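Subject: Structure handover

Hi,

Here is the structure I promised you. Please open it and keep it beside this email as you read.

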Amino acid sequence: MQRIWAVVLSVWAMLAIVAVLAWANRPVTSPAPAAAAQTLVVKGANGKQQQLVVVQPGAVGATHATTSTSGVVR
Amino acid sequence: MSARLERSTFRAVGTNCAAAVTAGPHDARRASAALAAAQAEVAACERALSRFDAASDLSRLNAAGGAWTAVDRRLVEALRLALRAREDTGGLFDPTVLPALTAAGYDRSFEQLAERPARRAVGWRAGASVELDETAGRARLEPGAAVDLGGIGKGYAAVRALAAMREAWPLLPGGLVDLGGDLALWGETPERSHWRIAVADPRRPGTTAGVLLLRSGGVATSGRDVRRFGPGRSLHHLIDPATGEPARPGPLAVTVVAPDAAEAEAHATALAISAPAPAAAHVAGRPGISALYIPRDGEPIPLGSPPLAQARFVVRAA
């Protein structure tokens with residue numbers, strides 16, 4: 001029984017981490033994507049380790065240009 | 001050595017401009033020719049399309065009092081695109097708003113505007129007639145009408161400048177033209193990936209509301225965050241064709257992604273004078289475009305499916 005609870009708790013802990021990361025990486029409010037994927041190591045109830053990798057597809061560097069309402073320079 | 005981005009910056013069409021190409025280690029001369037071709041084409045477009053230059057083809061057409069006027073082919077093409085955009089946006093974008101715009105006080109280049117109260121143009125109506133003779137390279141406006149190509153002219157110039165780069169360098173791997181935030185782009189980046197376009201967040205200057213990932217097409221942004229004029233800088237620089245007055249509804253800024261920059265500009269102008277619900281309906285009815293609508297209050301609203309960079313998660317064994 002204790003083992004089942006441990007598994008349930010670890011699953012919930014993992015989901016909570018995913019939710020926090022998803023919130024922290026909201027696409028429309030976040031600044032330019034990070035330069036590299038972030039990796040978190042999560043330890044399961046059975047002692048087995050898993051990596052949670054946050055991937056930013058196609059966005060591994062600085063942006064090439066910015067779009068905005070144009071200002072006036074003349 | 002790997003590919004890199006060769007870039008040039010310059011001032012034109014009343015704003016900061018840039019052109020960039022993906023170039024290999026032995027492409028310096030070709031890259032330089034392509035960038036020069038882009039800048040020359042933008043200058044040629046400005047000579048044809050600017051309403052602030054009394055000698056431009058557009059100024060001559062506006063002053064012709066309804067007579068047929070021989071003009072540069074760029075102006076004929078830009079007018080054709082503008083008339084198509086007027087139809088496609090249901091009149092929300094209208095190139096013939098100039099009399100209403102000047103009556104409202106936007107009668108000279110933006111930095112010279114006086115803080116005088118807005119007036120409504122007497123007798124002005126939207127949808128004035130514009131006739132084109134593409135074979136002879138001439139155009140005619142309805143008497144009393146006048147055209148402002150403003151934003152769509154910038155988008156058109158960006159498209160032409162990108163085409164000029166590809167003509168100057170036929171094997172160009174990829175390139176981008178940025179005319180004050182109106183972007184035309186095509187091909188590969190030096191990383192052989194998508195072009196990454198930051199959308200400036202007008203609520204927090206210096207920050208980004210999202211990053212667009214694009215292989216080709218056009219991007220344009222319009223809004224009320226920068227260009228305001230009149231008493232207390234309270235007036236929108238866009239005229240609502242439905243009222244003939246500076247627009248009242250609309251977001252702080254809206255960014256549109258479309259197959260080309262001129263089309264993106266026309267729809268950005270249309271959405272910039274639209275409340276959120278009509279803006280969503282506008283985009284839903286046009287599968288070729290998508291947008292990021294940043295309202296005055298609340299969070300940015302993606303309309304359609306703008307190609308925004310999004311995080312995803314992968315779980316794997318350690």
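A residue counts as buried when its relative accessible area is under 20%. By that cut-off, 24% of the 74 residues of chain A are buried. Keep in mind that this is a predicted model.

**Chain A**

Chain A has one helix and three strands. Chain A exposes about 4,600 Å². Carbon and sulfur atoms supply 66% of that area. Now take the contacts in chain A with a separation of 6 or more: residues 24 or more positions apart account for 41% of them.

**A sheet from both chains**

Next, find the open sheet of three strands. Its order is β3(A)-β8(B)-β9(B), and the pairing is mixed. Which strands are at the edges? They are β3 (65-67) of chain A and β9 (208-214) of chain B, and each pairs on one side only. From one strand to the next, the twist averages 30°.

Look at the chain B part of this sheet. Strand β8 (residues 195-200) of chain B pairs with β9(B) over six bridges, in the antiparallel sense. There, B:Ala200 stands opposite B:Thr208 of β9(B).

**Strand β7 of chain B**

Is strand β7 of chain B enclosed or open? Five of the six residues of β7 (residues 182-187) are buried, so the strand is largely enclosed by the rest of the structure.

β7(B) has these partners:

- Strand β6 (residues 174-179) of chain B pairs with β7(B) over six bridges, antiparallel. B:Leu176 stands opposite B:Leu185 in β7(B). The hairpin of β6(B) and β7(B) has two residues between the strands, and B:Gly180 takes a positive phi near 60° there.
- Strand β10 (residues 216-223) of chain B is joined to β7(B) by four bridges, and the two run antiparallel. B:Trp186 has B:Ser216 in β10(B) as its bridge partner.

**Two packed helices**

Two packed helices are described by the angle between their axes and the distance between the axes. Helix α3 (residues 73-88) and helix α5 (residues 150-168), both of chain B, pack at about 120°. Their axes are 10 Å apart. That angle makes α3(B) oblique to α5(B). The crossing of α3(B) and α5(B) is right-handed.

Which residues make the contact? From α3(B), they include B:Arg73, B:Glu77, B:Leu81 and B:Ala85. From α5(B), they are B:Ile152, B:Tyr156 and B:Arg160.

Best wishes

How values were computed. Residues numbered from 1 in each chain as written. Chains lettered and ligands numbered in written order. Predicted model: local features only at pLDDT ≥ 70, side-chain atom pairs only at ≥ 80, totals over all residues. Heavy atoms only, no water. Buried < 20%, exposed > 50% of the residue type's maximum accessible area, 1.4 Å probe, protein only. Contact = heavy atoms within 4.5 Å. Areas by Shrake-Rupley, 256 points an atom, 1.4 Å probe, with all protein chains shown as cover. Pairing = 2+ DSSP bridges. Axes fitted to C-alpha atoms, helices over the stretch in contact; angles between N-to-C directions. Parallel < 35°, antiparallel > 145°, perpendicular 65-115°, else oblique. Left-handed = near helix turned anticlockwise from the far one by under 90°.
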